[in-house]
Each structure stands twice: as C-alpha cells, then as structure tokens.
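Have the viewer open as you read.

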Amino acid sequence: MRPTSPSSRSGRRAPRPAGRGRTGPRGSLRGSPHLRLRVGFIVIAMVLSVFGARLVQLQGIDPNSYAAMAAADGMVEVELPAERGDILDRNGEPLAGSVDGRMVVADPYMTRDQAPALAKFLSRKLDVDYFTTLRRLRTPDSRFQYIARRVPSTLATDVVTAAADAGFKGIGMRRDPIRDYPAGDVAANVIGFMGTDEPLGGLERTFDAQLAGKDGSARYEIGGGNRIPLGDSTIVRAVDGVDLQTTLDQDLQWYAQRVLRQTVEDSRGDSGIAIVMDTRTGEILALADHPTFDANAPLESPEADLGSRAMSDVYEPGSVGKVLTAAGLIDAGKVTPRTRLTVPGRLSRQDRSIKDWFPHDLIRLTLAGVIAKSSNIGTVLAADKFERGQFRSYLTRFGLGQRTDIGVRGETQGILPDPSVWTSQTQDRIAFGQSLSVNAVQMAAAVNTLANDGVRVAPSLIRGTATTDDGQTVGTDTATTRRVVSVKAARGTARMMERVVDPEAGVAPRAAVPGYRVAGKTGTAQRVGSECRCYDGTFTVSFAGFAPADDPRFTIYVVVQNPRNGGGGGSVAGPAFSKIMSYTLRRYAVPPTGTRPSRLPVTW
C-alpha cells in the first residue's frame with residue numbers, strides 16, 4: 001500500500017518545493033543570505049540615526065531645558081556638622097556648650113519657580129537677607145543650598161511647616177548644633193564667642209582645632225526631586241570636637257565679676273580686672289573683666305569690651321611693685337624688715353625730685369614701715385643698695401617683661417626696660433612701680449610668688465594640657481616652677497605686707513578680712529595717655545594680697561582704671577579684694593589659722 005502524507009490525509013495540497021513556482025518573502029530570505037545582511041544593516045542604521053538625532057537635540061537644539069530635567073536626577077552632597085566640644089569650668093560645669101539646632105535648606109530645582117514669594121516669606125520668618133535668599137533659591141544646577149544656619153529647632157520646625165502649609169516646596173531642615181553660653185557674661189571675656197561659621201575670640205578661637213572636630217558629609221542619589229531609598233549613597237561621619245576644661249570656678253567667677261562691676265561703677269572708673277589664683281598650683285580660679293558682654297549676643301556690646309583686658313592691657317603697676325623690690329633686697333642680703341631708713345619729705349635725684357603721696361617732714365621708718373605707709377622715697381633709698389643689674393634680674397625672675405602663655409590670644413608681654421637703657425633714674429622709678437608696664441596676670445603671678453614661699457609657679461588657665469592654634473602646649477600639666485627668692489625673704493615680705501591692712505600702721509585697713517591674717521599691698525600709679533604719650537593726670541589703682549598670710553591659699557589682685565571719685569588703691573580696690581577673698585575662703589572652707597598677725601615695727 002502506498003504511503004500518504006499528512007497533507008493528503010487532511011485534504012490539503014502539499015507545498016511546492018523551494019525555488020519552483022510562486023516566490024515570496026519567506027522563500028527569498030531562505031534563499032539569499034546576502035539579502036538578510038543588507039536588511040540587518042538597514043535596521044542598525046535606523047537605530048543609530050534615532051540616537052544621533054536625540055544627541056543633537058540634547059546638546060545642540062535645547063540643552064538648557066534638558067539639563068534642568070536631568071537635574072531632577074543625580075547625586076546630592078550635604079554637610080554633616082560636627083558637634084563642638086564644650087568649654088567647662090574646673091567642676092565640669094559648662095561655660096560654653098552646644099544645643100540642638102537646625103539649618104534651613106532649599107532645593108533650587110523645586111524652589112526656582114516660586115523663588116520671589118518664598119524669599120520674601122523666609123526673609124521675614126528667619127531674618128535673612130531677601131536678595132541673598134532669592135539668589136540661592138534660584139541657583140542653577142544645584143539641589144542643595146543653605147538658607148539659614150544654626151536656627152533654634154522650634155523656630156526651624158515652625159518655619160518649614162508654615163512654608164509647606166503655604167504651598168511652598170523644596171524647603172527642609174538638617175541638624176546644625178548651636179553654640180550656647182549658659183552663664184551669659186560669666187567669663188565671656190576669656191571664653192570668647194562664635195560667629196556664623198568660625199570662632200571670633202577667646203578660648204573658642206585659641207583652641208578651635210580641638211573644639212571644632214571635623215565635619216562629615218553625606219552624598220546620595222535622587223530621582224524626581226526625592227531621595228532614592230535604595231540608591232547609591234556615601235556617608236563620611238562627623239567627628240565631634242573634644243571638650244576643653246579650664247581652671248575657672250564658675251560660681252567664684254560670677255561673684256568676682258559682680259563685685260568688680262560694683263567697684264568700677266561706684267568709683268566711676270573706666271574698667272577693672274579681678275584675678276583669683278590658687279597660691280600653691282598657680283591655677284586661675286577667676287579672671288574677671290569689666291565691662292564685659294553676653295557671649296550669646298556679643299554684637300550688642302562695643303568691640304573694645306569683647307577681649308580680656310587682664311591679658312591685653314598694659315599699665316604701670318605702681319606701689320604693688322614695692323613688694324618685689326623689698327623681697328629682692330632681703331633675698332640679696334641688703335636689708336631686713338627692720339632696716340632703719342631716714343625718709344625726707346622730698347628726695348632730689350638727677351633729673352627730678354621724688355616725693356611721697358602724703359606730705360611729711362623728715363620721718364624715720366623701718367623697711368616694714370616703708371611698705372605699710374607706701375613711701376616712694378623710702379623705697380628708692382632702700383633700692384640704692386642693689387648692685388648693678390641685680391634689681392632687673394630679680395624682676396625678670398618674677399616674670400615681668402615676659403608673656404605668661406596661659407592660652408589667651410592677644411596677651412602682651414609688658415615692658416621691662418632693656419639693660420642698655422637702664423639708668424639710675426630708671427631704677428628709682430621702677431623701684432616704686434613706675435617706668436615699667438605689666439599685664440594683670442603677670443603681676444598676680446609675681447605677687448603669688450611671695451605667697452608661695454618665694455617659688456614662682458606659672459599661672460594656668462587650662463586643666464591638663466591643650467594645644468593652642470599656634471602649636472603651643474599649655475595647661476596645668478605643663479606648668480613650671482622656679483625659685484625667685486628664699487623662703488626667708490618671701491615670709492619676711494609677707495609679714496611686712498600684713499602691716500598694710502593694720503588700721504594702726506597701714507594705708508588699707510578696708511582690705512582686711514575679719515578673722516583672717518591678710519598680707520597685701522596697695523598700688524596707685526600715673527597713667528600714660530594714648531594721645532600725648534605722657535602722664536595725663538589719670539591713675540591706675542590696685543590692691544594685691546593673699547590669705548591666710550601665714551599659710552596662703554589664695555592670691556587676689558584687683559585693678560581699677562581711672563577712678564573719678566578721688567580714691568586710691570586702699571579705698572577703691574581694697575574693699576573689693578576683701579569681699580572676693582572672704583567669699584573664696586568660705587567657698588573652699590579654709591579656716592583661720594588662729595595665729596597672731598605681724599607686729600613688725602614701722603618706725604624707729
């Protein structure tokens with residue numbers, strides 16, 4: 001039986017063999033490989049033509065509109081601010097810290113169309129410049145612009161919410177800590193303050209590298225104006241700053257500032273300084289300036305009040321310098337506290353006559369009496385006993401003419417005349433505290449040397465160690481000591497200084513602290529005017545001392561510039577010293593020694 005094909009079984013005719021009869025596309029392709037290649041090339045050419053036309057359109061015909069469309073997609077990089085380290089007092093209380101804040105930011109791609117109205121809204125709500133804000137809202141090729149930095153969190157949240165409610169788009173917030181000074185003006189002259197992006201004074205600036213830390217950044221992918229949740233992203237985390245601890249006692253600093261302010265105002269003075277030092281360690285417990293300012297609003301105060309006069313102002317110390325003269329003389333073996341001096345009412349010396357602050361005829365004073373009565377003439381007569389160059393050498397060892405380098409910017413080194421210009425007339429005036437200049441911390445450290453049994457301990461403002469912006473390491477761990485005068489000379493000088501506050505012998509009974517033995521010295525010096533470069537008839541008055549006199553714990557130095565009430569060191573600065581010393585002794589629970597005060601003879 002003949003086999004049949006499937007087509008035959010289904011009733012359809014079998015297809016003709018290829019190449020015979022009618023031809024079509026299917027048949028021709030199978031039959032011509034060259035034709036298939038030609039068709040493929042045509043298709044590829046058509047595709048490339050489409051891409052080429054698109055490229056011409058993007059880059060040549062309308063590039064700006066397509067760039068704007070592309071800006072909706074891409075990468076955005078934002079700053080992650082580091083949190084600034086705190087500045088602390090000796091007990092860990094913050095003098096400067098960081099609180100929660102926000103930066104208000106804009107996405108110009110989303111804000112461009114509403115920029116004028118939005119800029120007006122933001123300038124009113126955030127107190128920012130309208131034109132600057134408008135420019136940022138319109139910034140081309142940008143997805144991120146700052147509108148306001150360091151905005152309180154509640155205000156920033158309210159503004160962003162209000163913007164959204166008003167129909168504005170593209171405004172948001174990021175974390176941005178705000179610098180805060182919780183105690184306001186307490187130690188502001190030392191601590192300094194921050195500008196918008198950088199520190200502008202004080203410890204904030206000197207130790208900025210330690211406090212600032214290092215900002216981080218975040219880079220992430222966006223599409224359609226929004227962050228793509230699973231898109232590419234890179235985060236470099238911020239490294240927060242390191243705290244800086246000072247030697248200051250916040251409560252004592254507050255009290256010293258209040259007493260100083262009252263003293264300056266009552267005496268109608270220009271300015272004042274009060275320093276409290278730990279006698280044994282040299283740590284500065286209070287460094288008060290007046291006028292001062294609120295570190296949270298520094299621009300509300302005059303620029304002249306924003307620094308520390310205790311470090312930047314130089315002045316002639318006056319009669320406080322007599323105790324350094326006396327200590328050097330005793331150490332050199334030239335005198336004792338009982339050395340007898342015949343003091344005339346006026347002393348003619350080379351180019352001028354020297355007189356005392358009080359009129360008198362010929363009087364007989366011991367060296368203790370010269371200190372107690374603050375006699376210029378008696379001091380000059382005693383200083384005649386120094387050998388050539390000896391006196392200046394002592395003053396150098398006391399630290400005069402040299403910066404203390406405690407870590408405060410703008411410190412002056414004062415003026416101690418060079419040996420090449422040191423004459424007998426110069427020595428006469430320097431012996432009673434004129435013709436040289438000091439800053440207040442220098443002078444406080446010099447007097448503290450006498451309280452510390454003749455050993456000068458370098459003053460410190462920073463606990464531990466820290467590095468300044470010029471690379472210098474400072475702090476209590478680096479403080480140095482050196483012997484300046486013998487224990488005998490220091491204690492002998494302290495006993496003479498006790499007579500200064502004795503109402504029967506001295507000129508400053510109002511500097512006494514009830515129940516305690518106090519050693520101190522007044523100072524009243526002529527001031528050099530800035531215009532005439534001569535003594536202009538105004539004065540610097542001061543009082544420096546320590547207590548308990550026979551076992552000192554604290555040294556305090558109070559200075560008032562240009563009091564107009566006619567008072568001197570004993571009547572103006574002395575009472576302020578008494579108040580601050582009394583508070584300090586109580587605060588640190590220092591008991592009276594219970595011993596009898598010095599009764600060194602003052603006359604003979």
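**Helices, a sheet and a hairpin**

The crossing of helices H14 and H16 is left-handed. Bear in mind that this is a predicted model. The points below start with that helix pair, then move on to a sheet with its covering helices, and end with a hairpin.

**The H14–H16 pair**

- Two packed helices are described by the angle between their axes and the distance between the axes.
- Here, H14 (residues 322–331) and H16 (residues 376–383) pack at about 30°, and their axes are 10 Å apart.
- Because angles under 35 degrees count as roughly parallel, H14 is roughly parallel to H16.
- On the H14 side, the contact is made by Lys322, Thr325 and Leu329; H16 contributes Asn376, Thr379, Ala382 and Ala383.
- An α-helix has 3.6 residues a turn, so residues three or four places apart point the same way.

**The surroundings of H14**

- Nine of the 10 residues of H14 are buried, so this helix is largely enclosed by the rest of the structure.
- The buried residues of H14 include Lys322, Thr325 and Leu329, which also take part in the contact with H16.
- Among the other buried residues of H14 are Val323, Leu324, Ala326 and Ile330.
- Just after H14 comes Gly333, with a positive phi of about 80°.

**The three-stranded sheet**

- Strands E5, E4 and E6 form an open sheet in the order E5-E4-E6, with antiparallel pairing.
- E5 (145–152) and E6 (171–175) are at the edges with a single partner strand each, so one side of each has no neighbour in the sheet.
- From one strand to the next, the twist averages 30°.
- E4 (residues 101–106) and E5 run antiparallel and are joined by five bridges.
- To find this pairing in the viewer, look for Val105, which stands opposite Tyr146 in E5.

**Helices on the sheet**

- Helix H6 (residues 115–126) lies across E4, E5 and E6, and runs at about 20° to E5.
- Helix H7 (residues 130–137) also packs on the sheet and touches E4, E5 and E6; the direction of H7 makes about 125° with that of E5.

- Four bridges pair E15 (residues 346–349) with E16 (residues 352–355) in the antiparallel sense.
- Within this pairing, Leu347 stands opposite Ile354 in E16.
- Two residues lie between the strands of the hairpin, and Gln350 takes a positive phi near 45°.

How values were computed
Residues are numbered from 1 along each chain as its sequence is written. This is a predicted model: local features need pLDDT of at least 70, side-chain atom pairs count only at pLDDT 80 or more; totals for chains, interfaces and linings use all residues. Side-chain values use heavy atoms; hydrogens and water are left out. Axes are lines fitted to C-alpha atoms, for helices over the stretch in contact, and angles run from 0 to 180 degrees between N-to-C directions. Angles under 35 degrees count as roughly parallel, over 145 as roughly antiparallel, 65 to 115 as roughly perpendicular and the rest as oblique. A crossing is left-handed if the near helix is turned anticlockwise from the far one by less than a right angle, and right-handed if clockwise. Contact means heavy atoms within 4.5 Å. Two strands pair if DSSP finds at least two bridges between them. Buried means under 20% relative accessible area, exposed over 50%, partly exposed in between (1.4 Å probe, protein chains only).
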